[in-house]
Amino acid sequence: MSAVHTSGFPSLLSGKPLRFAAAALLIINGMFPALWILFTSLKTEAELTVKPITWLPHDPTLANYMRAFSDQPLHLFLFNSFMVALLSTCLTLFVSVLGAYALARLNLKYRGLILSLIIAVSTFPLVTLLVPLFEIMRALNLLNTWVALVLPYTVLSLPVCTLMLVSFFESIPRDLENAAMIDGCTRLGALFKVVVPLCAPGVFTAGILAFVNAWDEFLLALSFNSSPTLRTLPVGIQLYQGEFAFPWPVISAALVVGIVPVAVLIVIFQERVVSGLTAGGIKG
């Protein structure tokens, strides 16, 4: 009897019903908060306090979205977040491509140690780095500038992006680079003209990760920029609440507006991101 149950257990785990239930659970876990925020943004404050709770808005309204832009300069928050995320992503990709290529191609004596240190650095809690980073930015007179966020965001995203790109670069045959250098390319030319285009899925995936990390970050943005004209979206959203009032429908509308750019970005590059994550998982 025990043999029957033991042999049947793996088949049960690999059955379609269980896989479907697991997939449904993941979808619900990922989509429910976003849908709840969307529904809340379409409700009035009176409807939000009704008991029992109503899941769908009975009388949907877009007034909360208008208030989100009129109560606070939401367009300015979006612009600051976009510019900071874009600049940090570009800088992250440039540095991580060079670092990953060096680790993948050059015969470095302490390659294993360097990779271990990169992994170790990526595990540091952000709060432990706050004070040292603040002192550095103050010493460089960079507080209340985009640079004060671009540089730390780049440093924070570099370990993951570098490790991801190392596996991609190692999968590219060296003969392709050698052929390009024989034709007159320098090593850097071969890197950016041959290797990087062939690793486009990995580069796009690393870029998306770096962009989302910079777009969502709150602690450094709150600490390094106190100027009203330089506030990013996460910092700006917390300004909607008053001392005794929490306009959740308006806050939810601002959150939806903040989610849309990232969602559009992921949808546009969905195929490249999925292929990059899959290839990276197989090669790693």
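This note goes through a predicted model point by point, from confidence to ring pairs, salt bridges and surface.

1. Basis of the note. The model is predicted, and local features are reported at pLDDT of at least 70, side-chain atom pairs only at pLDDT 80 or more, while totals for chains, interfaces and linings use all residues. Residues are numbered from 1 along each chain as its sequence is written, and side-chain values use heavy atoms, with hydrogens and water left out.

2. Confidence. The chain has an average pLDDT of 84, and 89% of the residues score at least 70, where pLDDT is the predictor's confidence in each residue on a scale from 0 to 100. Over residues 280–284 the pLDDT is below 50, and this stretch makes 6 contacts in the model beyond near neighbours in sequence; a contact means heavy atoms within 4.5 Å. Where pLDDT is low, the predicted coordinates should not be read in detail.

3. A stacked ring pair. Rings of Phe, Tyr and Trp (the six-membered ring of Trp) are paired if their centres lie within 6.5 Å, and count as stacked with planes under 30 degrees apart, as edge-to-face over 60 and as tilted for the rest. The count by this rule is 10 aromatic pairs. In one of them, Phe 32 and Trp 36 have ring centres 6.3 Å apart and planes at 20 degrees, so the pair is stacked. Both belong to helix 2 (residues 16–41), where a spacing of 4 residues separates them by about one helical turn; helices here are DSSP runs (H or I, at least four residues), numbered from the N terminus. Phe 32 is partly exposed at 43% relative accessible area, and Trp 36 is also partly exposed, at 27%, on a scale where buried means under 20%, exposed over 50% and partly exposed in between (1.4 Å probe, protein chains only).

4. An edge-to-face pair. Tyr 101 and Phe 169 have ring centres 6.2 Å apart and planes at 75 degrees, so this pair is edge-to-face. The pair links distant parts of the chain, since Tyr 101 is in helix 5 (residues 74–105) and Phe 169 in helix 8 (residues 147–171), 68 residues apart. Tyr 101 is buried, with a relative accessible area of 5%, and Phe 169 is buried at 0%.

5. Thr 162. This residue also lies in helix 8 and counts as buried at 7% relative accessibility. Leaving aside neighbours within four places in sequence, the contacts of Thr 162 are Ser 96, Gly 99, Ala 100, Leu 103 and Ile 118.

6. Salt bridges. The structure holds 5 salt bridges, each defined as a side-chain nitrogen of Lys or Arg within 4 Å of a carboxyl oxygen of Asp or Glu. One of them joins the side chains of Glu 170 and Arg 111 (2.3 Å, N to O); Glu 170 lies in helix 8 and Arg 111 in helix 6 (residues 111–122), so the pair ties together parts that are 59 residues apart in sequence. By contrast, Asp 71 and Arg 67, bridged at 3.2 Å (N to O), both lie in helix 4 (residues 63–71), about one turn apart.

7. Pro 228. This proline is found in the loop between helix 12 (219–224) and helix 13 (233–237) and is partly exposed, at 49% relative accessibility. Not counting residues up to four places away in sequence, Pro 228 touches Leu 76 and Phe 77.

Technical notes
Helix = DSSP H or I, 4+ residues; strand = E, 2+ residues; numbered from the N terminus.
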